[in-house]
Amino acid sequence: MLKASTTQVRRIILIQLLVTLGLSAVLLLLGRVHAGSALTGGLIATLAHAYFAWKVFGKQQETEPGQILATYYRAEVGKIVLTVMLFTGAIVAIKPLNIVALLGVYLINHFIPWLTSFFVDDDSQNWRAKNVS
């Protein structure tokens with residue numbers, strides 16, 4: 001069974017928050033609408049990823065592959081529903097909104113877990129030895 005590294009998950013979510021804040025600060029040079037839209041998009045992505053991580057890695061009591069897969073599917077569906085609700089709320093409630101900044105920072109946040117696996121060294125231990133029992 002694969003053991004979740006909650007420190008790695010927390011690190012990824014923290015990096016997503018920092019990237020969101022950094023990009024929002026840079027876009028503040030273009031104006032408050034750009035910065036606010038970027039912040040909103042980044043927070044939507046970060047909250048969705050945090051929800052998924054919480055559902056998947058929160059308790060991890062499943063041992064059967066079918067149960068683990070069902071947990072992942074339920075978490076992914078919940079993440080998609082949450083994302084749709086947050087985007088709908090943002091588009092309806094925030095006026096004016098810069099859709100390019102909103103979606104741009106949202107999409108950038110989706111690359112962070114992938115990029116983190118390349119650039120952040122978790123440990124010097126072998127991945128297989130550490131994660132597979």
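Mentor: Let us begin with the surface. Accessible areas come from the Shrake-Rupley method with a 1.4 Å probe. In this predicted model, the protein chain exposes about 8,700 Å², and carbon and sulfur atoms supply 69% of that area.

Trainee: How many helices and strands does the protein chain have?

Mentor: The chain has five helices and zero strands, and its pattern along the sequence reads α-α-α-α-α. Among contacts between residues at least 6 apart in sequence, 75% join residues at least 24 apart.

Trainee: How should the length of helix α4 be judged?

Mentor: One compares the expected span with the distance between the ends. Helix α4 covers residues 99–119, and at 1.5 Å a residue its 21 residues should span 30 Å. The end C-alpha atoms are 30 Å apart, which agrees.

Trainee: Where does α4 bend?

Mentor: The bend lies at Pro 113 and is about 35 degrees. At the start of α4, a side-chain oxygen of Asn 98 reaches to within 3.0 Å of the backbone nitrogen of Val 100.

Trainee: Which residues of α4 are buried?

Mentor: An α-helix has 3.6 residues a turn, so residues three or four places apart point the same way. In α4, the buried residues are Ala 101, Leu 102, Val 105, Tyr 106, Asn 109, Ile 112 and Thr 116. These buried residues pack against α1 (6–27), α2 (32–57) and α3 (65–93).

Conventions. Residues numbered from 1 in each chain as written. Predicted model: local features only at pLDDT ≥ 70, side-chain atom pairs only at ≥ 80, totals over all residues. Heavy atoms only, no water. Helix = DSSP H or I, 4+ residues; strand = E, 2+ residues; numbered from the N terminus. Contact = heavy atoms within 4.5 Å. Expected span 1.5 Å × (residues − 1). Bend = angle between axes of the 7 residues up to and from the residue. Buried < 20%, exposed > 50% of the residue type's maximum accessible area, 1.4 Å probe, protein only. Polar contact = N/O pair within 3.5 Å; in protein donor to acceptor, adjacent residues only side chain to side chain.
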